[in-house]
Amino acid sequence: MDRQQRLRIAVQKSGRLTDESLDLLHRCGLKFSRGKDQLMCYGENMPLDVLFVRDDDIPDLVQEDVCDLGLVGLNVLEEKRLAMLARGTTPRIEILQKLDFGRCRLSLAVPQDFAFDGLQSIAGKRIATTYPHVLARFLRESGIAAEIVTLSGAVEIAPRLGRADLICDLVSTGSTLTANHLREVAAVLASQVCLVRTPVALPDVKADWVRRLLVRVDGVQQVRESKYIMLHAPRAALPQIAKLLPGSESPTVIPLDGTGDKVAVHAVCRETVFWETLESLKAAGASAILVLPVEKMLA
Ligand code: PRT
Ligand code: ZN
């Protein structure tokens, strides 16, 4: 395949980010078939090929221009960038867009019986983590001196094994911490998946596709939570109904034939529409309420 013409994007091969990364590419219109254990998939209808790798390899692949684009968590990206700086390489990967999935936070967590009273309490302690560079920056910026114990996994059991006094690890629901009798005390980094690009200038054809992809990604993000609401209402109830429609701009109002003062109201709502919202709309005088998913949106 011609690297001058076709974009290559690095995606996590198998893990927490894989399904949503592929779903995003599908929603952006990309068609490809993926065989078992296939490392590379060729886009059938766009000049965009997908390379499946470990998430930790994505920043380097993009920095070294092996891939033009990548989908990777900010946690991994920041750790790799700081590691590059530490070995004298300038990180030149550019974040094109932050995406609304893969959210988690890198946090400090202490054993239940640890007397934590502000960050000063961890001074001089041993902190186990797989993110030594991000943690070191946090400690430096907070003016705390502590020892970093770098592990490659199973960080949450380090305090019980006596290898550390506390940990710095990724948290999403918090249930892993609870199961290990740990308590989250401070957030070090908020993370989500980022679409990143190579520092190298792209030939026009490829640059143009990156621009198109970004517009589509934006559209996909906008419609994720969006719903199209249609309802009937007495004209007099319109001001109240407009207030109840979550995250919508001014709705379209259409007169209804032969129903006196009744109108149809159509609106795109950019926030989640709950049953409670529908109940409030009904209470305000709305009837025949329909909520439809939005398939695509181009602003
Ligand atoms: O094989 P490969 O290297 O590609 O995968 P991996 O095992 O390194 O990564 P994977 O698939 O576990 O995670 C990929 C990315 O998902 C991470 O780099 C984050 O950007 C993002 N992410 C989002 C998470 C979590 N949420 C998360 N909860 N990554 C890991 N966790 C782990 C965390 O380390 C802890 O063990 O889940 C546990 C905590 O979860 P809760 O829900 O109990 O708090
Ligand atoms: Zn990984």
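## Domains

Domain bounds come from an automatic or database domain assignment. In this predicted model, the assignment divides the chain into domain 1 (3-101 + 193-223), domain 2 (104-191) and domain 3 (227-293). Taken over C-alpha atoms, the centres of domain 1 and domain 2 are 30 Å apart.

## Where domain 1 meets domain 2

Nine residues of domain 1 are in contact with nine residues of domain 2. The size of an interface is often given as the accessible area lost when the parts come together. Here domain 1 and domain 2 bury about 840 Å² between them, and 58% of that area is on carbon and sulfur atoms. On the side of domain 1, the residues that lose the most area to domain 2 are Asn 75, Glu 79 and Leu 82, which together account for 63% of what that side buries.

Polar groups also take part. Between domain 1 and domain 2 there are six residue pairs in polar contact, counted with both residues at pLDDT 80 or more. Helix α3 gives the most to the side of domain 1 that touches domain 2, with eight residues. One salt bridge is found across this interface. Elsewhere in the list of charged pairs, Glu 78 forms a salt bridge with Arg 137, with 2.9 Å between the closest N and O atoms.

## The nonpolar cores

The largest nonpolar core has 35 residues, and Leu 108, Ile 122 and Ile 127 have the most contacts inside it. Elements that each supply at least two residues of this core include the helices α2 (58-63), α3 (74-86) and α4 (132-142), together with the strands β3 (48-53), β6 (104-111) and β9 (166-171). Helix α3 gives the most to this core, with five residues. At least three residues of the core come from each of domain 1 and domain 2.

Which residues does Ile 122 touch, leaving aside its neighbours within four places in sequence? Its contacts are Leu 108, Phe 114, Phe 116, Ile 127, Leu 139, Ile 144, Ala 145, Ala 146 and Leu 166.

The side chain of Asp 49 has two polar partners listed here: the side chain of Arg 6, in a polar contact of 2.7 Å, and the backbone nitrogen of Gly 43, which it reaches at 3.1 Å.

Lys 36 is placed in the loop between α1 (18-27) and β2 (40-41). Its relative accessibility is 82%, and the cut-off for exposed is over 50%, so Lys 36 counts as exposed. Lys 36 and Glu 20 are 16 residues apart in sequence, and their C-alpha atoms are 18 Å apart in space.

Asn 180 lies in the loop between α5 (175-179) and β10. Asn 180 counts as buried because its relative accessibility is 12%, under the 20% cut-off. Not counting residues up to four places away in sequence, Asn 180 touches Glu 156, Ile 157 and Arg 160.

Methods
Residues numbered from 1 in each chain as written. Chains lettered and ligands numbered in written order. Predicted model: local features only at pLDDT ≥ 70, side-chain atom pairs only at ≥ 80, totals over all residues. Heavy atoms only, no water. Core = buried A, V, L, I, M, F, W, Y, C linked by side-chain atoms within 4.5 Å. Buried < 20%, exposed > 50% of the residue type's maximum accessible area, 1.4 Å probe, protein only. Helix = DSSP H or I, 4+ residues; strand = E, 2+ residues; numbered from the N terminus. Contact = heavy atoms within 4.5 Å. Buried area = accessible area lost by both parts, 1.4 Å probe. Salt bridge = Lys/Arg side-chain N within 4 Å of Asp/Glu carboxyl O. Polar contact = N/O pair within 3.5 Å; in protein donor to acceptor, adjacent residues only side chain to side chain.
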